Amino acid sequence: MTEEDVFCKAEFDHLADEYRYVITDMICRAGSGHLGGALSLVEIMITLYYRIMKFDPDNPNWDGRDRLVMSKGHAGPVLYTVLAYKGFFPKSWLATLNADGTRLPSHVDQNQTPGIDLTAGSLGQGLGCACGLALAAKLDKKTHNVFCLIGDGESNEGQIWESALFAAHKKLDNLIAVCDYNKLQIDGFTEDILALEPLMDKWRSFGWEVFEMNGHDWDDIHTTINRAIEVSGKPAMIIANTIKAKGCSILENKPESHNIKVPDQAAHDKYMDALDCRDIQLPY
């Protein structure tokens with residue numbers, strides 16, 4: 001079972017830098033990957049796994065654990081990184097992202113990777129599955145929570161809103177969803193592709209308790225998620241304002257960060273240098 005680590009902002013800032021360095025290297029080694037949406041979730045994932053969620057790396061299927069559904073399954077590298085650092089599998093696996101024979105495919109797969117609670121990749125499906133996990137917990141009188149990470153581009157999917165209706169109807173107050181609101185998707189800015197605003201009002205109208213937070217501020221993330229956990233009688237949605245490709249100076253807030261191509265070592269070096277954290281050593 002995880003502990004709530006003693007929080008030190010400087011140490012967590014350094015950990016976030018290290019995660020971004022590792023995630024970028026993983027994707028560059030693979031030759032391509034969804035960098036932007038992985039980097040935007042770093043602080044949120046660290047907060048969940050270091051300060052909030054219950055789990056046991058030695059027993060990944062422990063029944064009392066909190067569940068996490070990465071509905072935006074292409075952000076797998078950030079989830080793989082936190083799982084490796086928390087001891088679910090060796091850090092050496094991180095160097096094998098999407099390689100032949102890997103246990104770490106580009107989209108998360110519960111049959112391949114210890115600590116993955118749900119296979120994802122087809123956008124829109126994860127929230128519905130999270131509803132199922134939350135409802136099952138209610139029926140079995142279990143006390144764990146189900147966390148679900150969805151994308152803002154993913155929120156174009158009708159199944160997201162079907163799931164929103166279902167969760168409110170079933171009063172799934174053990175379900176906490178987080179929307180990674182980085183304002184970008186594969187084809188451009190969300191407001192240009194299919195506008196979501198007023199996003200918070202939409203979720204409220206579907207019967208959810210709605211919160212907003214800065215997805216890169218440690219205190220705001222921790223406080224907001226804990227407030228969401230305390231909600232009774234309805235599910236909770238957290239709109240996390242984030243920056244796509246956070247920390248990568250040449251890709252921040254740019255549509256081309258969604259899925260980068262890395263054809264050679266020069267491109268690899270370019271992305272690593274853009275992180276401005278060359279003092280960090282890779283753990284593999």
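Okay, let's start with helix α3, where Val42, Glu43, Ile44, Met45, Ile46, Thr47, Leu48, Tyr49, Tyr50, Arg51 and Ile52 are buried, buried being under 20% relative accessible area with a 1.4 Å probe, protein chains only. That's eleven of the eleven residues of α3, so the helix is largely enclosed by the rest of the structure.

Quick word on the source: this is a predicted model, where local features need pLDDT of at least 70 and side-chain atom pairs count only at pLDDT 80 or more, while totals for chains, interfaces and linings use all residues. Residues are numbered from 1 along each chain as its sequence is written, and side-chain values use heavy atoms, with hydrogens and water left out.

Now, what does α3 pack with? The axes of helix α1 (residues 9-30) and helix α3 (residues 42-52) come within 10 Å and cross at roughly 120°. Helices here are DSSP runs of H or I, at least four residues, and strands are runs of E, at least two. The crossing of α1 and α3 is right-handed. On the α1 side, the contact (heavy atoms within 4.5 Å) is made by Phe12, Leu15, Ala16, Tyr19, Arg20 and Ile23, and on the α3 side by Val42, Glu43, Ile46, Tyr50 and Arg51.

Over to the strands. β8 (residues 236-241) has five of its six residues buried, so this strand too is largely enclosed by the rest of the structure. β8 pairs with strand β4 (residues 175-181) in the parallel sense over six bridges; pairing takes at least two bridges found by DSSP. Ala177, for instance, has Met237 in β8 as its bridge partner. Strand β7 (residues 209-214) also runs parallel to β8, joined by six bridges, and there Asn214 stands opposite Asn241.

Conventions. Axes are lines fitted to C-alpha atoms, for helices over the stretch in contact, and angles run from 0 to 180 degrees between N-to-C directions. A crossing is left-handed if the near helix is turned anticlockwise from the far one by less than a right angle, and right-handed if clockwise. Buried means under 20% relative accessible area, exposed over 50%, partly exposed in between (1.4 Å probe, protein chains only).
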